[in-house]
Amino acid sequence: MAEMGSKGVTAGKIASNVQKKLTRAQEKVLQKLGKADETKDEQFEQCVQNFNKQLTEGTRLQKDLRTYLASVKAMHEASKKLSECLQEVYEPEWPGRDEANKIAENNDLLWMDYHQKLVDQALLTMDTYLGQFPDIKSRIAKRGRKLVDYDSARHHYESLQTAKKKDEAKIAKAEEELIKAQKVFEEMNVDLQEELPSLWNSRVGFYVNTFQSIAGLEENFHKEMSKLNQSLNDVLVSLEKQHGSNTFTVKAQPSDSAPEKGNKSPSPPPDGSPAATPEIRVNHEPEPASGASPGATIPKSPSQPAEASEVVGGAQEPGETAASEAASSSLPAVVVETFPATVNGAVEGSSGTGRLDLPPGFMFKVQAQHDYTATDTDELQLKAGDVVLVIPFQNPEEQDEGWLMGVKESDWNQHKELEKCRGVFPENFTERVQ
């Protein structure tokens, strides 16, 4: 029997709810058609609009805050991997390794602390703030349903009073239902009329506190991070000072590829390969030795100019010419004065200006024995056979071991501009020719 009674109560409640829904639906249709008036409260409607706007803004702020936290976490991971990379490349014997590792640990802890404080002081506060909206939103909807019930009860009571045949019992019952509906509606309406404006005004303080917390946490985070970065910079500067002056020469096997600055270049060409040598000429006539025939001279080579001859002691018979030439080739030459060398068929200083036509500070000439491909804008591109006029570095401290400064002879003859033509090149790709 108890079960049947329970089922009966449940069935009665369901029937009552269905009836209420039907009555409300009918009342709304009549109101939309203009056949029934609707109770209006413009002040409350404005409060509802403000509530919806406040909910929308809070929801967006919560979403953007979560995005910000996700970005902080991603940045933390990226910073952690960067620190791990530094720890891996920082060799054990380098000074400051322990300090660098400690800075990396503090960096990781600082990121974790920043993220956690953002969660505690911003995100959780945001969640609490938005947590009150669902209940109020539900009460606003319920208040709207109770308003429809009140209007329906009011219209029903009015229709019974204006009927031609009045039924006092029905009128009394309708009046009782109207009073009940009005009481329920007014209780909910009064509560919301007080809460909604208060909630609307609270947004200012909430936004201020939220963004102040975020700004303060970010400011402190960057201050502490700046200190760590400065400490890391000091460690690296110290490392640079202690190791920056050291020069490490890496010896490599002969290769066609361009060497690093300061490294050894391919080995010289094998024996027997042609090498450019300067041409030595004698252009004065020394005093003839005693007993020497004044008119006797050593035959000139085809490349010597007419005035380049050397007077030697003793007369030379015509038949001795070939023998003396053969003998002279095996004797060491005594250089009295040297002239510019002939390189690649062009006589140095052939323009007639001599050494005055060479670049300022000219020291000596070299000839490329191998091709060299420039790997930087301040390097010369060389082909085997190119002649380079070597000049000093403007700043001697900039000269790396095994590198020279110069300008290709062909470029200098064409442009006569050091700034445009000069560059560095590996010394071991060349051979000195003067």
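These exercises work through confidence, helices and aromatic rings in a predicted model.

Residues are numbered from 1 along each chain as its sequence is written, and side-chain values use heavy atoms, leaving out hydrogens and water. Local features need pLDDT of at least 70 and side-chain atom pairs count only at pLDDT 80 or more, while totals for chains, interfaces and linings use all residues.

**Exercise 1. Confidence**

Find the average pLDDT of the protein chain, then inspect residues 1–7.

Solution. 
- pLDDT is the predictor's confidence in each residue, from 0 to 100. The protein chain averages 76. A score of at least 70 is reached by 66% of the residues.
- Over residues 247–354 the pLDDT is below 50. This stretch still has 109 contacts (heavy atoms within 4.5 Å) beyond near neighbours in sequence.
- Residues 1–7 stay under 50. The model gives them zero contacts beyond four places in sequence.

**Exercise 2. Helix 3**

Compare the span of helix 3 with the expected value, and locate its bend.

Solution. 
- Helices are DSSP runs of H or I with at least four residues, strands are runs of E with at least two, and both are numbered from the N terminus. The protein chain has eight helices and seven strands.
- Helix 3 covers residues 97–131, 35 residues in total.
- The expected span is 1.5 Å times one less than the number of residues.
- At V119 helix 3 bends by about 35°. The bend is the angle between axes fitted to the seven residues ending there and the seven starting there.

**Exercise 3. Aromatic pairs**

Classify the pair formed by Y90 and W94, then state how accessible each residue is.

Solution. 
- Rings of Phe, Tyr and Trp (its six-membered ring) pair if their centres lie within 6.5 Å; planes under 30 degrees apart are stacked, over 60 edge-to-face, the rest tilted. The whole structure holds 10 aromatic pairs.
- The Y90 and W94 centres are 5.5 Å apart with planes at 70°, so the pair is edge-to-face.
- Buried means under 20% relative accessible area, exposed over 50%, partly exposed in between (1.4 Å probe, protein chains only). Y90 is buried, because its value is 2%. W94, at 26%, is partly exposed.
- Ring pairs also link F51, Y129, F133, F206 and Y207 into a cluster.

**Exercise 4. Charges over rings**

Which ring faces do R143 and R203 lie over?

Solution. 
- The test needs NZ of Lys or CZ of Arg within 6 Å of the ring centre and within 35 degrees of the ring normal.
- R143 lies over F44, at 3.6 Å from the ring centre.
- R203 lies over W200, at 3.7 Å.
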